[in-house]
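Have the sequence and the coordinates open as you read.

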Amino acid sequence: MAAGSGRNPPPFPDSEDQDARDGDSDDGEDIFTGNNKPILTTSALKQSTPDERELFSEEGSCTAVQSSDKGPLDLKQSDPKANGVDSDEEQDLFSEATVELSLDSDSREGNQVTRSCFSEPSMARLPNTTRKSMEEMKEEESGDKFELNIAVTNPEKMGDGMNAYMTYKVSTQTSLPMFRSRTFSVRRRFSDFLGLYEKLSAKHTLHGYIVPPPPEKSVVGMTKVKVGKEDLSSAAFVERRRAALERYLQRVVSHPSLIQDPNVREFLEKDELPRAVNTQALSGSGFLKMINKASDAVNKMSIKMNEADNWFENKLQEVENEEQQLRKLHAVVDSLVNHRKELCGSTAFFAKSVAMLGSSEDNTALSRALSQLAEVEDKMEQLHQEQACSDFFIFAELLADYVRLLGAVRNCFEQRMKTWQKWQDAQITLQRKRETEAKLLWASKPDKLQQAKDEISEWEAKVTQYEREFERISVTVRKEVHRFEKEKARDFKQSIIKYLECLLRSQQRVVKCWEAFLPEAKAIS
Amino acid sequence: MDSNEGSSLNLSASSIRITDVTQDGDTLTFAITSQKLGSSDGVCVFRTFEDFDWLHQNLCGQEDVPGLQGIIFPPLPAKPTPSQTHAQSKAVKQLGFLAMGNNWKIYCQALELYLQQVAAHTTLNKNKALDNFLTNAESPGKQRMRKGIFNRLSQAVEEMRKENHRDVDEFFQNKRDRNANLTALYKGTTERFLEVVLAKQRLAVDCGHFSTSLYLCVSQDDPAAVAFSKICLKLSEIFETVKNNFEIVADNDLSTLGLGLDLETRYQEAEKEMLFRRTCRLVELESASRSTEKAKPNRRAAMEEVKKAAEKEFDLVSSVAKEEIQRFHGSRVGVLRSFLIGWCEKQLSTAKQSSALFSQHLEACRELSED
């Protein structure tokens, strides 16, 4: 078993023998070939066996952060579109948050989305459930609802120099009748995603919907990519962004109201989108600043609402607390990821030392054992590396996403408060108009009286309308929060399972390493 | 292996154990037990590091042993530096692996090995100081030996140039070269392994933080929030397991391979010192020869005497050295082997246990009710 058999995480074996193949590397076969995974640039399609194309699996998200200095990559994947799998072919679908929608109810209100899972399309086998890099997910058994799966893949750099930009392939597979076909894909750039957010936010935030925030902008990251550094950090950046865009879209389409928005449909289907402008304000920190400013402004207005029930106040408090907690957790996970990377470095360094010892020792058996030990440690390093990816993509990004999502949730509450304020203000105006009318009656100025009466009816209507709006938004916010919490619990649970599966696999490979080494150690004489 | 013929030592070398260590201020006191040969009677004494130093000086400074300088002395670990302020990192810098582990556990093992090695050495175990050290209820106290010629400080800078002095004997030149190479390699490997172990310990701490922070995320107010709380708790448990795994793995590393590499490094250095002493005798011999040749006739006889004495000494040292080298190289492979096997077995067992635990967690997670 050469240690230099490539730095790829184990590929995904054919699903028939998934259980049998325990991710071990000592079957004698070189398990790093055959299932190619693009390492540096894309997390795109695996070049698996032709029958098993998966577009919608979690793709090689973690591979980007691996070092590539250990010899040639198995896939000469500097070319991001090399996978050559046509998205329109029949594929196993597999996405992170597959969504099920029932289209019979009204889009806006009272749309209970049942969160069961989706049937796989008729494909017989489970697509690489267990072996996917770090983010595998098991597809649960389904109901008989419609489904929609989204994947973001194939980052490609277009243009040159500082005008360069990345485009991503957005592929959809769906059985929803509102789309023109069942499988289709388009290419989008980052500003398109931001543009989508802006449109959705403009339309839906007012009504109290939680509109998922887009991934953050990053000037530094993007500049490196533009400048054309084909190095690890820009590859890692692209991979991170690709994964974030995918999660973003999956959250959007899993929202029962948002999916109905024609902008979403257009985003997924239309070949060419008009270039989105005004996306400056939507950098991650910009977004948060906007939310924070809004909430500060609201607080300063000290809107003291007369709440019929305390649910809203308590819930808002909970949301704020949770946001703080998640921030803390994120910081801890960050530290974990960094320390794990340090462990990788130390392990590699140690392995080199041991290898040198092995070649310096006279005693053949000892020399051999030491060389084997160097290889074991190399494998350990690889496992640590994968685990670091796992930590990062499964937890760090999840926590970061939710910190921003909670910001969006807070925004909803604020919208509700604004709506209430609008209603209150209208009542006050109405009151004033009535007073005016009374004054006019007393002063008996009949011509102005009619105008006053008109204004009164206008404002009475407004008061009624705003009151209804307030009631509606209250109902919506409540529903949204429920839906959000269920989704959050589900998201976290799935992440934990993914993480544990990865951990377990990793641990099992550790066991195999030691089992292989023991006879070598015993053979020393 | 106990070779006690002619030895004044009545104890079995392999039975020597350090059973306890207590700390009083800056001083550590070790409890040493050993068994009398051929009986089940045991002896227990209490010694401090000063006592160990006294023993070592005695061994190195014996005057009646021919070719003493050719002996590879079992290496005594450096002085332990317990500190009230728990400045562990300073101790780790000075002592490496020996400073790690709970309650000086690794250090005690190193001392134990030292005593066993001395007691098993056919020449050294004849020294009465060893018997005194192991059996006398009273500690050797503050008896100060004259500083042995092997005081490391005495191999001062001006003698360093002798290290590269070309040898007359191919066998020894070869040994010196290999030893220089191996000593450096083992030292480097030990240091790098220490870094690996420290990194694992840091990760354990991080996992602990994550676990604790998750535990604090729990809130019971809302039915929907309860589901999330359960998940946080589960994750907290998982990371507690991950933390424990790291701690045990690091501990396994320390107590087997870490100790083994440290020992091998120090033993290689002891061999290096022996070879250096022999080289110094060679230098003396060659300089005595030159003086003899250049001497005026009236002084020649006297110089001859000096030269003959130097030659005799050198030959003795060389022959003892040869034996010692064979002995050392024979035994060290076995020692490394047993450390490697011990390490591998422990890690394998830990990995299997962790695997089982993670598997249980996975099952439990899958069953978490989805509300």
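Chain B has eight helices and three strands, where helices (H or I, at least four residues) and strands (E, at least two) are DSSP runs numbered from the N terminus. Along the sequence, the order in chain B reads β-β-β-α-α-α-α-α-α-α-α. This is a predicted model, in which local features need pLDDT of at least 70, side-chain atom pairs count only at pLDDT 80 or more, and totals for chains, interfaces and linings use all residues. Residues are numbered from 1 along each chain as its sequence is written, chains are lettered from A and ligands numbered from 1 in the order in which they are written, and side-chain values use heavy atoms, with hydrogens and water left out.

**Chain B as a whole**

- Of the 371 residues in chain B, 52% count as buried, meaning under 20% relative accessible area, with exposed over 50% and partly exposed in between (1.4 Å probe, protein chains only).
- Among the contacts in chain B with a separation of 6 or more, 74% come from residues 24 or more positions apart; contact means heavy atoms within 4.5 Å.
- Chain B is assigned domain 1 (1-158) and domain 2 (170-371), with bounds that come from an automatic or database domain assignment.

**Between the two domains of chain B**

- Domain 1 of chain B brings 30 residues into contact with 32 residues of domain 2.
- The two domains of chain B bury about 2,700 Å² between them, 65% of it on carbon and sulfur atoms; buried area is the accessible area (1.4 Å probe) that two parts lose on being put together, summed over both.
- On the domain 1 side, B:Gln69, B:Ile72 and B:Phe97 lose the most area to domain 2 of chain B, together 30% of what that side buries.
- The count of salt bridges between these domains is one, a salt bridge being a side-chain nitrogen of Lys or Arg within 4 Å of a carboxyl oxygen of Asp or Glu.
- B:Lys105 and B:Asp251 form a salt bridge, with their closest N and O atoms 3.1 Å apart.
- Helix H2 (88-95) and helix H3 (105-120) of chain B each give two or more residues to the side of domain 1 that touches domain 2.
- H3(B) gives the most to that side, with seven residues.
- By residue class, that side of domain 1 divides into 19 nonpolar, nine polar and two charged; Ala, Val, Leu, Ile, Met, Phe, Trp, Tyr, Cys and Pro count as nonpolar, Asp, Glu, Lys and Arg as charged, and the others, Gly among them, as polar.

**Between chain B and chain A**

- The contact draws 62 residues from chain B and 61 residues from chain A.
- Chain B and chain A together bury about 5,600 Å², of which 72% is on carbon and sulfur atoms.
- Six salt bridges are counted between chain B and chain A.
- A:Glu501 and B:Arg366 meet through their side chains in a salt bridge (2.3 Å, N to O).
- Helix H6 (170-215), helix H7 (223-294) and helix H8 (297-367) of chain B each supply at least two residues of the side that touches chain A.
- That side of chain B divides into 36 nonpolar, 11 polar and 15 charged residues.

**A closer look at B:Ala204**

- B:Ala204 is found in helix H6 of chain B and counts as buried because its relative accessibility is 3%.
- Beyond its neighbours within four places in sequence, B:Ala204 is in contact with B:Lys243, B:Phe246 and B:Glu247.
- B:Pro140 lies 64 residues from B:Ala204 along the chain, and their C-alpha atoms are separated by 43 Å.
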